[in-house]
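Let's take a walk through this model together, going from one piece of the fold to the next. Keep the structure open as you read.

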Amino acid sequence: MKKSFFLFIFLLAAGLVNAGVSNITHEKLKNEVSSHNGKTIVIFWATYCPYCLKELKTVKNNYKYFTDNNVKIIGIATDKSEETVNDFTKINKYPFKTYLITDSLKDKMNIRMVPITAVFDKNGKLDDISPGSKTFQNLKEMISD
């Protein structure tokens, strides 16, 4: 039993086991963003949205650029099914945290469509928010000072 637990922890740390997604409230998002000493990109997306998937692939393919430039990435899925999002993120192996949106966060940030990309500054203040799929160049422009 003890060996199994340590094996699970090792695989989880190595990214070979999906830890699962959890719900995120507006307060939790504020804490996530303000705890980072740099800019944060938040992408609101859905598994059924081809434009979202294109942007997520762009972020995944350029993740090193963002981390090298002290930019945190958070994905927030608007799907209703936790299982669908868990399976999807497990298959796609996104290197960033992914959450499920709550109704309160959806209302507070007025999320009515996807994709929507938001950028927060290092103080947790909303710096930019824009609908539609973003290219790598668009994302770099959104985080530039």
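Which elements do the buried residues of α2 pack against? Before the answer, a word on what you are looking at. This is a predicted model, in which local features need pLDDT of at least 70 and side-chain atom pairs count only at pLDDT 80 or more, while totals for chains, interfaces and linings use all residues. Residues are numbered from 1 along each chain as its sequence is written, and side-chain values use heavy atoms, with hydrogens and water left out.

The chain averages a pLDDT of 89, and 87% of the residues score at least 70; pLDDT is the predictor's confidence in each residue, from 0 to 100. The stretch to treat separately is residues 4–18, where pLDDT stays under 50. For that stretch the model has 9 contacts beyond four places in sequence, a contact being heavy atoms within 4.5 Å.

Back to α2. Its buried residues pack against β1 (22–24), β2, β3, β4 (97–101), α6 (103–108) and β5. The names come from DSSP runs, numbered from the N terminus: helices are H or I with at least four residues, strands are E with at least two. In α2, the buried residues are Leu29, Glu32 and Val33. They cover an arc of only 95° around the axis, which puts them on the same side of α2. Buried here means under 20% relative accessible area, exposed means over 50%, and partly exposed is in between (1.4 Å probe, protein chains only). The arc is that of the directions from the helix axis to the C-beta atoms.

Buried in α3 are Cys52, Glu55, Leu56, Thr58 and Val59. They cover an arc of only 155° around the axis, which puts them on the same side of α3. An α-helix has 3.6 residues a turn, so residues three or four places apart point the same way. The face of α3 turned away from the buried side carries the exposed residues Pro50, Lys54, Lys57 and Asn61. As for partners, the buried residues of α3 pack against β2 (40–45), α4 (63–68), β3 (72–77), β5 (116–120) and α7 (136–143).

Now to the strands. In β5, 5 of the 5 residues are buried, so β5 is largely enclosed by the rest of the structure. Ile116, Ala118 and Phe120 point one way from β5, and Thr117 and Val119 the other way. On one pairing, β2 and β5 run antiparallel, joined by 5 bridges, with Thr40 opposite Phe120. Two strands pair if DSSP finds at least two bridges between them. β5 also pairs in the antiparallel sense with β6 (residues 126–131), over 5 bridges, and Thr117 has Ser130 as its bridge partner there. β5 and β6 form a hairpin with 5 residues between them, and Gly124 in the turn has a positive phi of about 85°.

Val42 counts as buried, at 0% relative accessibility. Beyond its neighbours within four places in sequence, its contacts include Leu29, Ile74, Ile76 and Phe120. Val42 and Val119 are 77 residues apart in sequence, yet 6.3 Å apart in space, C-alpha to C-alpha.

What about charges? Side chains of opposite charge can pair when their charged atoms come close. A salt bridge here is a side-chain nitrogen of Lys or Arg within 4 Å of a carboxyl oxygen of Asp or Glu, and by this rule the count comes to 6. One of them joins Glu32 and Lys72 (2.8 Å, N to O). The pair links distant parts of the chain, with Glu32 in helix α2 (residues 26–34) and Lys72 in strand β3, 40 residues apart.

Another salt bridge joins Asp127 and Lys39 (3.1 Å, N to O). Asp127 lies in strand β6 and Lys39 in the loop between α2 and β2, so the pair ties together parts that are 88 residues apart in sequence. Asp127 is partly exposed at 40% relative accessibility, whereas Lys39 is buried, with a relative accessible area of 13%.
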